[in-house]
Each structure stands twice: as C-alpha cells, then as structure tokens.
Amino acid sequence: RLLVRDAVRTQGRLQPDVALIYAALSTDAAAAQRSLQDCGVGDCSVVISPADGREDALLGTATAFAVAESHTASGGHSVVIIDDVAPLQAFWESASTLLQAHLGTTGDPSEVRGYYGVLTERAGCLTPALGSGTLSALFLAANPSERRRAGAASTGATDRVYDLAEFTGDKYGPKVRARLQLLANKGVPITAATVKKLSIPVPEAPASGAALVHVDHLMSLSDGHISLDPGLAREG
C-alpha cells in the first residue's frame, strides 16, 4: 500500500482537481482517510467502506465506480483504488458454492474474466462531445504464486518432488504430461526447479490455484500492471 500512497501523492501533485475514490475492502475506513489526508488529497477524496460480508465487497467496489463515473460524466477526472482483490474473489467462490448447492453447477473459470471485466471496462476517457472526463482504476492484488514460493523457500519445500498425478487441469495438456512422463522414466526428479526450466507451472494448492486464476484474468484485462517481487528486491 506504500505504492498506493506514492501514486496518490503524485496524482494530487500533477492533477490537483482529480477525485480519488478509495474502496477500503480490507483497510479500516478511518485509517484510509487519514492516509489520504497525509498525502494531501483528503479534501478531494471519498472512502467507500463496505460492511462485513463477501457480497458487500462487490457492492462497495461497484459503488466506488458509480461515484467516480458521476464525477467523470461532468467532465472531471477520477481515480478508483480497490485496495484488495481477495474479498472479490471470496464473493465469487461463495456464489459458486451456492450455485453448486442449489443448481448442481458452479461458475465456469472462464466467467471470472467477465466478472472483473464489468469493472475494468468502466475505466476510460470520454470523448470531447461527452465532456472529456477520465476514469482510471488501480487494483491491488497479492500474487499467490509469489506468496507460495516465498513460503516454500522458508520451509525448504523447493526440493519437493511432485507426483505426475498432480499435473492435472487445463494448464497441463497431453504434451506437457508426456514431457514430464519422459523425465520420470529417465529418473529425473520432478521438482519446482525442474518444471521451471521447462516453463511449466508448478502445481498449486487448490486455494492458491483459484486465486491465481483471478489475478491472471485481472492482469490480462488491465492496460498495465506493476509486479513487486520480493525475491528480485532482495537480489537488488
């Protein structure tokens, strides 16, 4: 969130009239407001703090975009900050569980793209005929792959040998599994280092895998992203 503070401070300096809409999905509203005040943009900011509950995270996010769109429609410039994607993912998983329980089906992974798309597509620049207002959006998300690798490194799990049965799902097609089988037949241990050399994703735990799908879709929908890698930071 230090990155957000820097972005907000720079935005306020370069474009003082911009409206900042902060959706505090995992941050205390008062703390978020103090942070914006410290950055010198408290007077032109709005903090949206949804009540507890997974569905409230989605409502809070939609409300933040609605407030920003109102400002943009009048020719103004606005920035929406979503401080944590995890509550949005939790709502999706909760809805999928209800679908499974009542209808015998779950949300298709491909539909995750549309779930986030209805939010990201609201960012843009209006034409002069519509007032030339702009709306930018900044989503914060923890990369589950980096978190998992960091945990593995701290426990020495990077030397773990994977079973071929763990390489299932859409990420591992017949050709990928055939390559892994060939290595196994030669007695080569299937470790994280081995599959990384082959550009094959390391099998994730179910929860991490689901989180990774959400982050991947969100990144692909964005015009750009900044990835903060603790490993690279340590290496200088």
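**Helix faces, aromatic pairs and nonpolar cores**

Arg-34 and Asp-38 are exposed on the other side of helix α2 from the buried residues Ala-32, Ser-35 and Leu-36. The model described here is predicted.

**Helix α2 and its ends**

- Helix α2 spans residues 29-38, and Ala-32, Ser-35 and Leu-36 are buried in it.
- Viewed down the axis of α2, the buried residues fall within an arc of 95 degrees, so they line one face of the helix.
- An α-helix has 3.6 residues a turn, so residues three or four places apart point the same way.
- The N-terminal end of α2 is capped by Asp-28, which has a side-chain oxygen 3.1 Å from the backbone nitrogen of Ala-30.

**Asp-84 in its loop**

- The loop between β3 (77-82) and α4 (86-103) contains Asp-84.
- Asp-84 counts as buried because its relative accessibility is 19%, and buried means under 20%.
- A polar atom of the Asp-84 side chain lies 3.1 Å from the backbone nitrogen of Ala-86.

**Aromatic pairs**

- The whole structure holds five aromatic pairs.
- In one of them, Trp-92 and Tyr-115 have ring centres 5.2 Å apart and planes at 50 degrees, so the pair is tilted.
- This pair links distant parts of the chain, as Trp-92 belongs to helix α4 and Tyr-115 to helix α5 (residues 111-120), 23 residues apart.
- Trp-92 and Tyr-115 are both buried.
- For Tyr-162 and Phe-167, the ring centres are 6.2 Å apart and the planes stand at 70 degrees, so this pair is edge-to-face.
- Tyr-162 and Phe-167 are buried as well.
- One aromatic cluster is formed by Phe-91, Trp-92, Tyr-115 and Tyr-116.

**Nonpolar cores**

- In soluble globular proteins, nonpolar side chains tend to be buried together.
- The largest nonpolar core comprises 20 residues, and those with the most contacts inside it are Phe-65, Val-80, Ile-82, Leu-88, Tyr-116 and Phe-139.
- Two or more residues of this core come from each of β1 (19-23), α3 (54-73), β3, α4, α5 and β5 (134-139).
- Neighbours within four places in sequence aside, Phe-139 is in contact with Phe-65, Ile-82, Val-85, Leu-119, Thr-120 and Leu-218.
- Another core, of 14 residues, lies apart from the largest one and includes Val-8, Leu-20, Tyr-22 and Ile-81.

Terms used
Residues are numbered from 1 along each chain as its sequence is written. This is a predicted model: local features need pLDDT of at least 70, side-chain atom pairs count only at pLDDT 80 or more; totals for chains, interfaces and linings use all residues. Side-chain values use heavy atoms; hydrogens and water are left out. Helices (H or I, at least four residues) and strands (E, at least two) are DSSP runs, numbered from the N terminus. Buried means under 20% relative accessible area, exposed over 50%, partly exposed in between (1.4 Å probe, protein chains only). A polar contact is a pair of N or O atoms within 3.5 Å; within protein, one must be able to donate a hydrogen and the other to accept it, and residues adjacent in sequence count only if both atoms are side-chain atoms. Rings of Phe, Tyr and Trp (its six-membered ring) pair if their centres lie within 6.5 Å; planes under 30 degrees apart count as stacked, over 60 as edge-to-face and the rest as tilted. A nonpolar core is a set of buried Ala, Val, Leu, Ile, Met, Phe, Trp, Tyr and Cys residues joined through side-chain atoms within 4.5 Å. Contact means heavy atoms within 4.5 Å. The arc is that of the directions from the helix axis to the C-beta atoms.
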